[in-house]
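Below are some notes for a colleague who is about to look through this structure. They are set out as numbered points, so that each can be checked separately.

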Amino acid sequence: CVLFGSSGFFSVLLGSFRFFSVHLAPGPVRTRTGPGQHRCASSLPASPPPGSWTRLSRLAHRDLYRLSITDPDQFWGSAAADRLRWEEPFDRVRDCDLSTGKIRWFLGGKINVSVNCLDVNVEKHPDRVALIWERDEPGTEVKVTYRELLETTCRLANTLKSHGIQKGDRVAIYMPVSPLAVAAMLACARLGAVHTVVFAGFSAEALAGRIQDAQCKAVVTFNQGVRGGRLIDLKATVDAAVKSCPTVQHVFVAQRTENPAVMGQLDVPLEEASVCPPEPLDSEDFLFLLYTSGSTGRPKGLVHTQAGYLLYASLTHQYVFDHQDGDVFGCMADVGWITGHSYVVYGPLCNGATTVLFESTPVYPDPGRYWETVQRLRISQFYGAPTALRLLLKYDESFVKKYDRSSLRTLGSVGEPINHEAWHWFHRVVGDGRCPLVDTWWQTETGGVCIAPRPAEEGAAIVPAMAMRPFFGIQPELMGEKGECLSGGGVGGALCISQPWPGMARGIYGDRQRFLEAYFKPFPGYYFTGDGALRSDDGFYQITGRMDDVINVSGHRLGTAEIEDALDEHPDVPETAVIGFPHEIKGEVPFAFVVLKEDSGLRPLVLQQLRELVSTKIARHAVPEHFLVVKRLPKTRSGKIMRRLLRKVAMGTTSDLGDVSTLEDPSVVEEIIEALERSRK
């Protein structure tokens, strides 16, 4: 049942090598004027001439951005026709209406994402390194060429296909960062199966919930994972999860370590023939589901489709990070998150880049690990999270400066707004003050970067700790409390986007109404991001954070309701309320206000059980950092918990509580303040 040994799995790639590719010229593209295109409908030639995107891309940034807003059909139609390989050309650029949540791009076109990421590059440069697997132990990296990655992808795809996996089936991938995880994603894309990568730190129960929601037919995993010198029993977690997942027919297991996995009836070998014809897929067929926390407690499986997502990921990868031929792109994200999807896998591979897969941690074996990796692999762009940067800046600068970082050309920040201290340390110490630092704002829902300092006119300034400029085709709007569009500079409001772009998520799997209510109903005719933002007098954007009950822990989005649901399962806990609390390293951590039954046992024991409950049901990073036991929670007369009051109590800013007239009993706030003061003595 084992495909590859721990010494490096590409040793099995033997024998003849063939690949399939498609050579079809782009065909006619028509424009459409209708609802949801109120700002950007204009005529497009019946057929974009070959190389039209090449000519457009030579425009000055200001002119290219203006074109993307005023004539998105011309902009995106030319980019899609020239940058992607189509089996059948699209005949309409888009059919979108933000007022109803209708989002469809490149209609009539058929494409295969794995062909665009692999076969196209094998034709041009088969022996170029596609992946550098930076394994847990420094100096043990494995390099994988495009030829090898295509062959491994085909082997895995053939195994999936021979066990009944076909177009439209959902496949869960529960694997840490590795070439085989990338191959599993691309194998699904080759067949038209829909992958859902689940972060390999989630518990069995959290994994099972995602498998059940997506109705996955198969799971792909390793026997174990390796991170920071520790072994993680992935197969055991999968075994526990699939016991409650009747839709799972097969578990495909690969060997990461020497320790053999306990194999069962569902487990099958992965190796098959090295050639697998790609499935032609409609541009709007599902590519993947990715689960992200929401404010209602139940994680939502966001749907991304084929062509629009791939085009947007590749375009943002090239322009935001100034990717050039021969660069080594170093995104430190896990493939279980959208950043890993867009900027470890799909964007870089579609652009023929060499991309780094970082398996370890920033402090293993010491706090210089990132920068030693930069020196050894000659990384050109480094894309990391503020959480990691805040952790590393606490150590002596010698951990950075003893390594050669001259290969770096661009620095990037992702996951949450970066604070000024981390920004300046990253720019001055890591980048020696010479590398542009792009603070990127985007979401799982957007598919790729939407606001960042680059691209911009040559020499354009970068404001520290600010996302600044919208990407091509992105037209931000700030909305007021009454739903009005706020004009001018020096204003703040709800961040919305006024016209569609190809990388948008197409829905929440199995719950269309939830998708509409979350993103399109709050401000009709606009996409509502859920974030707040400020717009400066210069027209630049500063992200202020979430406006709903979702918190960001080390770049991982967690629904407070999801944590509350886990806590409330304890028999001694009638109700809880969870808020986000600032943390110097992690950005935010959960703060839990817990009501205990009067006859509950020892309080320390109950709190420890609550920690274990959250760790088991969600993940360790979801465990509240702070617990405060209270007699009751502040509720309105309709029974809604007023979490803004709890935030003020936790932050110690109770001098101005605002309007408390809707509270059923205002004295509860003073009770909670006193409980917090007692806990700190």
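Predicted model: local features only at pLDDT ≥ 70, side-chain atom pairs only at ≥ 80, totals over all residues.

1. One runs from Y364 to P365, with omega near 0°, and P365 is found in the loop between β17 (354–358) and α11. The other joins R454 and P455, with an omega of about 10°, and P455 lies in the loop between β21 (451–452) and β22 (469–470).

2. How much of helix α11 is buried? The helix spans residues 369–377 and is mostly covered, with seven of its nine residues buried. The buried residues in α11 are R369, Y370, W371, E372, T373, V374 and L377, whereas R376 is partly exposed, its relative accessible area being 25%.

3. The structure holds 35 salt bridges. One of them brings together the side chains of E141 and R376, with an N to O distance of 2.7 Å. Because E141 lies in the loop between β4 (129–134) and β5 (142–145) while R376 lies in helix α11, the pair ties together parts that are 235 residues apart in sequence. E141, at 26% relative accessibility, counts as partly exposed.

4. A second pair to inspect is R409 and D322, whose side chains meet in a salt bridge at 3.4 Å, N to O. R409 sits in the loop between α13 (398–401) and β19 (410–413), and D322 in the loop between α9 (307–320) and β16 (328–331), so the bridge ties together parts that are 87 residues apart in sequence. R409 is partly exposed, with a relative accessible area of 26%, and D322 is partly exposed at 34%.

5. The side chains of K586 and E625 form a salt bridge as well, at 3.5 Å from N to O. This pair links distant parts of the chain, 39 residues apart, with K586 in the loop between β31 (575–583) and β32 (587–595) and E625 in the loop between α17 (603–617) and β33 (626–630). K586 is partly exposed, with a relative accessible area of 30%, and E625 is partly exposed, with a value of 37%. Elsewhere, salt bridges that share partners join E134, E141, R369, E372 and R376 into one network.

6. Which strands lie at the edges of the open five-stranded sheet? The strand order of this sheet is β24-β23-β25-β27-β28, with antiparallel pairing. The edge strands are β24 (485–486) and β28 (541–546), each of which pairs on one side only. Strand β23, residues 476–479, pairs with β24 in the antiparallel sense over two bridges, and M479 stands opposite C485 in β24.

7. H424 lies in helix α14, residues 420–430. Leaving aside residues up to four places away in sequence, H424 touches V429 and P464. The C-alpha atoms of H424 and L437, which are 13 residues apart along the chain, are separated by 9.5 Å.

Key: Residues numbered from 1 in each chain as written. Heavy atoms only, no water. Helix = DSSP H or I, 4+ residues; strand = E, 2+ residues; numbered from the N terminus. Contact = heavy atoms within 4.5 Å. Buried < 20%, exposed > 50% of the residue type's maximum accessible area, 1.4 Å probe, protein only. Salt bridge = Lys/Arg side-chain N within 4 Å of Asp/Glu carboxyl O. Pairing = 2+ DSSP bridges.
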